[in-house]
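Please keep the sequence and the structure in view while reading.

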Amino acid sequence: ALLHPILTAETHNFPTGVAPFNGAETGTGGRLRDVMATGRGASPIAGIAGYSVGNLNIPGYPLPWENPRWAYAPNLSSPLKICIEASNGASDYGNKFGEPVIAGFTRSFGQKMPITDERYEYVK
């Protein structure tokens, strides 16, 4: 049988930043919808999740480049909360449809420039 693989991506940056579990769930749902809407014979196989967030500031695991005093917008979740809850949300929704999350990545980055003192950081 001839098969035509479909690769889709669904970015839910703002919803995942505000409500990580639910935001990531709707991202997975959007991918599933896209695959199932392609027509006859399309079915989801597996999912991949990726997160690019600011410094994680893991309690009890300080890293020299992280500054725990840096403030984040009050309407956004912390990078650590996003990593944990968004991963759970993406997996939860996919599992309900029989589409497991089989791979993924997390990138965390936050830094102040030494000369200008400007802050650069991934923010959802």
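## The crossing of α2 and α3

Helix α2 passes α3 in a right-handed crossing, a term that applies if the near helix is turned clockwise from the far one by less than a right angle. The model is predicted, so local features need pLDDT of at least 70 and side-chain atom pairs count only at pLDDT 80 or more, while totals for chains, interfaces and linings use all residues. Residues are numbered from 1 along each chain as its sequence is written, and side-chain values use heavy atoms, leaving out hydrogens and water.

The contact (heavy atoms within 4.5 Å) involves P20, F21, A24, E25, T28, G29 and L32 of α2, and on α3 a set of residues including I82, A86, G89 and Y93.

## Burial along α2

Buried residues, meaning those under 20% relative accessible area, with exposed over 50% and partly exposed in between (1.4 Å probe, protein chains only), include P20, A24, T28, L32 and V35 in α2. The buried residues of α2 pack against α1 (13-18), β1 (47-53) and α3, where helices (H or I, at least four residues) and strands (E, at least two) are DSSP runs numbered from the N terminus.

## N57 in its loop

N57 lies in the loop between β1 and α3, and is partly exposed, with a relative accessible area of 24%. Leaving aside neighbours within four places in sequence, N57 is in contact with E66, N67, P68, Y72 and L80; the C-alpha atoms of N57 and N67, which are 10 residues apart along the chain, are separated by 7.8 Å.
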